[in-house]
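Trainee: I have a model open and want to learn how to read it. Where do we begin?

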Amino acid sequence: MKEAILRLLKESRSGYISGEDICKSLDVSRTAVWKHIQTLRESGYEIDARPRSGYMLAGIPDRLFPEEIRDGLSTRILGREIYYCDSISSTNDLAKELARQGAGGGSLVVAEEQVGGKGRLGRQWHLPKYKGIPFSLILRPPVEPSEASQVTMMTAVAIASAIKDESGVAAGIKWPNDLLVDGKKICGILTELGAEMERINYLVMGAGINVNQDENDFPEEFRNTATSLKIEAGKALPRVGLLRACLAEFERWYDVWLTRGFSPVLDKWKEMTVSLNRPVRISTLNQSWEGWAEDVDEDGALLLRLPNGDIQRFVSGEVTLRLA
Ligand code: BTN
């Protein structure tokens with residue numbers, strides 16, 4: 001009912017809609033309408049009420065409510081099923097749990113705040129309330145586990161494209177899937193798998209985008225290495241529009257990947273990367289190498305030219321960009 005009232009208010013955005021018209025269209029009492037209006041106000045919607053004129057929607061809060069995400073969403077499958085939390089430990093953990101319980105491919109888990117988020121290589125990834133977008137998608141791609149890293153690189157392409165379209169900020173991709181602006185991280189991606197040897201049961205693609213943080217929203221130790229779209233673009237960005245754009249771009253690239261394979265994704269990834277043709281250090285859990293990032297092969301592995309001229313192939317690791 002609350003959603004139906006919101007829809008009516010949105011449809012008459014330019015003016016007032018009388019309480020009586022709402023009652024008639026939805027077949028509810030005036031008291032019920034009033035109660036739902038109050039609930040909407042408590043959620044942050046600004047609703048003007050005037051005797052004899054009725055109600056008018058004066059402002060929509062920047063919240064990631066499912067009804068706001070769906071409003072204008074152009075996807076067929078992605079984000080049609082939404083699990084929303086005001087605060088969560090980790091959207092990836094909830095998505096994995098839902099996937100194990102049978103949630104369909106394309107389901108979205110999103111939160112206003114993430115307090116126990118996980119990053120790659122055991123790092124933490126917190127996002128303060130109403131400032132970032134922590135979200136996870138449940139996917140069930142019909143491929144082998146060894147091809148999962150392609151989805152991660154595809155995600156980086158999709159999110160970087162959405163960020164560019166919505167904010168004008170051009171983020172570069174650091175292998176395999178970090179999004180950076182001037183060397184500072186703006187989005188991290190963590191893919192987790194539930195799989196057998198030859199089959200993926202589910203893949204959870206989790207991304208955390210730094211959207212409206214100011215510098216002092218980042219813990220001091222991250223201020224030199226992390227940034228947000230607000231800092232880079234000089235103005236706050238509506239999070240819900242950005243999330244919708246991410247879902248649309250993701251679905252577009254996911255379809256490309258499923259129908260035409262990894263090659264077109266990799267071509268685009270190479271256009272957007274900042275980590276090739278330059279000196280880098282690559283670290284795995286217990287070792288690190290320095291060399292020239294020469295290329296990425298057709299599986300997405302990084303090819304590093306070592307000082308002795310040999311090529312070493314990496315399927316995972318953390319890249320640090322070095323000065324030439
Ligand atoms: C990294 O760069 O280390 C990856 C960070 C991934 C963070 C996202 S936020 C949403 C999702 N849920 C998590 O717990 N982690 C990912």
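Mentor: Begin with a pair of helices. The axes of H1 (residues 2-11) and H3 (residues 30-42) come within 10 Å and cross at roughly 80°. Keep in mind that this is a predicted model.

Trainee: How are H1 and H3 oriented to each other?

Mentor: Angles of 65 to 115 degrees count as roughly perpendicular. H1 and H3 are therefore roughly perpendicular to each other.

Trainee: Which residues in H1 and H3 meet?

Mentor: From H1 come Lys 2, Ile 5, Leu 6 and Leu 9. H3 supplies Val 33, His 36, Ile 37, Thr 39 and Leu 40. By class, this contact has 6 nonpolar, 2 polar and 1 charged residues.

Trainee: At what angle do H8 and H9 cross?

Mentor: Roughly 135°, with the axes of H8 (residues 239-260) and H9 (residues 263-272) coming within 8 Å. Trp 253, Val 256, Trp 257 and Arg 260 in H8 meet Pro 264, Val 265 and Lys 268 in H9. The contact of H8 with H9 holds 5 nonpolar and 2 charged residues, and no polar ones.

Trainee: Now the sheet. In what order do the 7 strands lie?

Mentor: Read across the open sheet: E3-E4-E5-E9-E8-E7-E6, with mixed pairing. Strands E3 (82-85) and E6 (172-174) stand at the edges. Each has a single partner strand, so one side of each is left without a neighbour in the sheet. From one strand to the next, the twist averages 20°.

Trainee: Which helix packs on the sheet?

Mentor: H6 (residues 148-167) does, touching E5, E6, E7 (178-181), E8 (184-195) and E9 (200-210). The direction of H6 makes about 145° with that of E8.

Trainee: How many bridges join E4 to E5?

Mentor: There are 3, between E4 (residues 108-111) and E5 (residues 132-139), which run antiparallel. One to find on screen: Leu 108 has Leu 137 in E5 as its bridge partner.

Trainee: What should I check in the loops?

Mentor: Backbone torsions. Tyr 130 is in the loop between E4 and E5. Its phi is near 65°, a positive value in a residue other than glycine. Then look at omega. The peptide bond from Trp 175 to Pro 176 is cis, with omega near -5°. Pro 176 sits in the loop between E6 and E7.

Trainee: In what sense do E10 and E11 pair?

Mentor: Antiparallel, over 6 bridges, with E10 at residues 278-283 and E11 at residues 288-296. The two strands form a hairpin with 4 residues between them. Arg 281 stands opposite Glu 290 in E11. E11 also runs antiparallel to E12 (residues 302-305), joined by 4 bridges. There, Asp 295 stands opposite Leu 303 in E12. The hairpin of E11 and E12 has 5 residues between the strands, and Gly 300 takes a positive phi near 95° in it.

Trainee: Last topic, the ligand. Which of the 20 residues around it come nearest?

Mentor: Ser 90, Gln 114, Lys 118, Arg 120 and Lys 185. Next, sort the contacts by atom. A side-chain N or O atom of Ser 90 is 2.8 Å from a ligand oxygen. For Thr 91, a side-chain N or O atom is 3.1 Å from a ligand nitrogen. Lys 118 uses its backbone: an N or O atom there lies 2.7 Å from a nitrogen atom of the ligand.

Terms used: Residues are numbered from 1 along each chain as its sequence is written. This is a predicted model: local features need pLDDT of at least 70, side-chain atom pairs count only at pLDDT 80 or more; totals for chains, interfaces and linings use all residues. Side-chain values use heavy atoms; hydrogens and water are left out. Axes are lines fitted to C-alpha atoms, for helices over the stretch in contact, and angles run from 0 to 180 degrees between N-to-C directions. Contact means heavy atoms within 4.5 Å. Ala, Val, Leu, Ile, Met, Phe, Trp, Tyr, Cys and Pro count as nonpolar, Asp, Glu, Lys and Arg as charged, and the others, Gly among them, as polar. Two strands pair if DSSP finds at least two bridges between them. A residue is near a molecule or strand if one of its heavy atoms lies within 4 Å of it. A polar contact is a pair of N or O atoms within 3.5 Å; within protein, one must be able to donate a hydrogen and the other to accept it, and residues adjacent in sequence count only if both atoms are side-chain atoms. Angles under 35 degrees count as roughly parallel, over 145 as roughly antiparallel, 65 to 115 as roughly perpendicular and the rest as oblique.
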